[in-house]
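User: I'm new to this structure and would like to learn how to read it. Could you walk me through some features, one at a time?

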Amino acid sequence: MPAPKKTARRSLLAAPAVLTTAASLALAAPAAYAAPGPDASASPSATPPASMSTVGGARLGQAGTQVNLASGVPVLPKDVTARSWIVSDAESGEVLAAHNAHWELAPASTLKMLFADTLLPRFPKTAKHTVDPAELADIGSGSSLVGIKEKETYTVHDLWLGVFLRSGNDAVHVLSAMNGGVAKTVADMNDHAEELQALDTHVVSPDGYDAPGQVSSAYDLTLFARSGLQKEDFREYCSTVSAKFPGGTTKNKKGKTVREDFEIQNTNRLLTGDYDIEQYQGIAGVKNGNTTNAGATFTGVAERDGRVLLVTVMNPEKNEHNEVYKETARLFDWGFKAAGKVEPVGELVAPKGAAPTAAPEVGEGEAGGSGSAAPGSGPVAAAAAGGSGGAGTAVGIAGGVLVLLAGAAFLVNRRWPLPDLVRRRTRP
């Protein structure tokens with residue numbers, strides 16, 4: 001079966017930041033969201049626990065907003081109502097500011113970042129799989145679906161487009177079946193979360209569907225995004241705006257058997273825009289989610305003026321259309337203004353198995369890769385693809401090679417915007 005046609009992507013451009021005025025951040029009960037079905041677990045407390053994890057630094061385990069405001073540091077935006085959020089530098093791992101960063105909350109489909117980071121290296125994109133009806137039997141009621149059909153054949157590439165663009169739980173379950181089943185996939189994801197030191201996370205369902213005991217945190221979701229962005233395929237899928245997806249097999253007017261297709265679009269509104277929100281200049285992914293228990297959740301990565309930031313927002317109290325994206329954009333704007341001026345309040349830790357190495361000598365404005373990439377192998381050639389551990393691998397993000405160093409920072413060869421596969425996208 002041929003690969004999907006017309007995969008469209010938008011270019012990443014820098015734009016001036018807009019900073020809102022200072023005020024304290026409100027914390028209250030979550031707003032109501034569309035129900036995923038009857039299996040949702042009970043809503044968590046609207047108050048963060050007194051004691052939370054201190055992975056990444058003691059201040060990240062404290063309730064409330066953590067930021068070091070000083071002369072020259074812009075104040076935080078006032079209209080951010082999320083239960084939990086975090087702003088971090090994707091390269092250095094510095095956490096610029098956070099609010100209840102380690103609060104264990106329902107993640108919704110942002111958990112698919114961990115699913116993808118765990119399973120992406122295991123199957124070649126061109127591999128084909130014919131769907132058994134049993135693989136679609138246990139998908140939660142009200143789940144988001146891409147439209148997988150029983151007994152039809154899909155490439156792994158098709159399935160990952162369904163996961164990233166449409167957040168298709170049906171595509172997740174088919175890939176899980178290919179991985180040995182849902183139970184094995186859940187176990188693999190929990191193992192990988194532990195390897196990444198994402199200790200707030202407990203996976204029950206690989207697709208992020210609400211389930212009792214299934215939790216993550218803004219800190220952990222940021223770790224998943226940072227790890228996933230090491231993988232070229234992950235970067236490509238999470239930055240794809242629209243693509244053709246295979247439909248059913250039918251007969252045309254001439255009686256010839258044909259495979260129909262249809263267009264799918266990314267549900268990340270900072271990537272695509274919407275009637276009440278513009279495409280965010282410099283956005284490059286990553287993943288959104290929404291369920292009754294989780295509310296709206298989102299992790300995004302964006303580049304501006306040679307700096308890459310990660311922002312995660314979980315469950316805004318304000319019940320307005322696209323609110324999670326609006327609050328993310330405000331935090332991005334603040335982060336780009338504050339980066340280089342604000343003293344960090346913590347760090348994004350490296351995976352457990354990151355091999356200790358010394359940071360290479362680098363010139364001003366750039367950092368060397370692993371030193372082992374073959375000439376002409378491209379900006380992401382050093383990224384390792386073996387296994388799901390992700391430890392000690394080179395990270396290709398935004399056209400540079402980011403090297404993971406135990407106890408040290410991610411270093412980047414600054415070449416902007418993102419690689420050619422993204423640069424060719426039509427400007428918004």
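User: At what angle do helix α1 and helix α5 pack, and how far apart are their axes?

Analyst: Two packed helices are described by the angle between their axes and the distance between the axes. Before the case itself, a word on the source: this is a predicted model, where local features need pLDDT of at least 70 and side-chain atom pairs count only at pLDDT 80 or more, while totals for chains, interfaces and linings use all residues. Residues are numbered from 1 along each chain as its sequence is written, and side-chain values use heavy atoms, with hydrogens and water left out. Now the pair: helix α1 (residues 112-119) and helix α5 (residues 218-228) pack at an angle of about 35°, and their axes are 9 Å apart. Axes are lines fitted to C-alpha atoms, for helices over the stretch in contact, and angles run from 0 to 180 degrees between N-to-C directions. Helices (H or I, at least four residues) and strands (E, at least two) are DSSP runs, numbered from the N terminus.

User: Which residues make that contact?

Analyst: On the α1 side they are Met113, Leu114 and Asp117. From α5 come Leu221, Phe224, Ala225, Ser227 and Gly228. Contact here means heavy atoms within 4.5 Å. By type, the residues of this contact divide into 5 nonpolar, 2 polar and 1 charged. For that sorting, Ala, Val, Leu, Ile, Met, Phe, Trp, Tyr, Cys and Pro count as nonpolar, Asp, Glu, Lys and Arg as charged, and the others, Gly among them, as polar.

User: Next, the core. Which residues touch the most other members of the largest nonpolar core?

Analyst: In soluble globular proteins, nonpolar side chains tend to be buried together. In this model the largest nonpolar core has 62 residues, and Ile148, Trp160, Phe164, Tyr219, Phe224 and Phe234 touch the most other members. Helix α2 (residues 156-166) gives the most to this core, with 7 residues. Apart from it lies another core, of 31 residues, including Val80, Val87, Ile283 and Val313. A nonpolar core is a set of buried Ala, Val, Leu, Ile, Met, Phe, Trp, Tyr and Cys residues joined through side-chain atoms within 4.5 Å. Buried means under 20% relative accessible area, exposed over 50%, and partly exposed in between (1.4 Å probe, protein chains only).

User: What is Phe164 in contact with?

Analyst: Setting aside neighbours within four places in sequence, Phe164 is in contact with Ala116, Phe234, Tyr237, Cys238, Asn266 and Lys287. Take Ala116, which is found in helix α1. Ala116 and Phe164 are 48 residues apart in sequence, yet 8.8 Å apart in space, C-alpha to C-alpha. Ala116 counts as buried because its relative accessibility is 0%.

User: How many residues of α8 are buried?

Analyst: In α8 (residues 323-338), 15 of the 16 residues are buried, so this helix is largely enclosed by the rest of the structure. For α4 (residues 182-195), the buried residues are Thr185, Val186, Asp188, Met189, His192, Ala193 and Glu195. What covers them includes α1, α3 (169-178) and α5.

User: Where do I find residues with a positive phi, such as Ala108 and Lys151?

Analyst: Most residues other than glycine have a negative phi, and most peptide bonds are trans. Ala108 has a phi near 55° and sits in the loop between β4 (94-99) and α1. Lys151, with a positive phi of about 65°, is in the loop between β5 (128-130) and β6 (153-155).

User: Are those two residues buried or exposed?

Analyst: Ala108 is buried, with a relative accessible area of 0%, whereas Lys151 counts as exposed at 64% relative accessibility. Just after α4, Gln197 also takes a positive phi, of about 65°.

User: Which peptide bond is cis?

Analyst: That is the bond from Gly285 to Val286, with omega near 20°. Val286 lies in strand β9 (residues 283-291).

User: And overall, how many helices and strands are there?

Analyst: The protein has 9 helices and 14 strands. Of its 428 residues, 55% count as buried.

Key
The expected span of a helix is 1.5 Å times one less than its number of residues.
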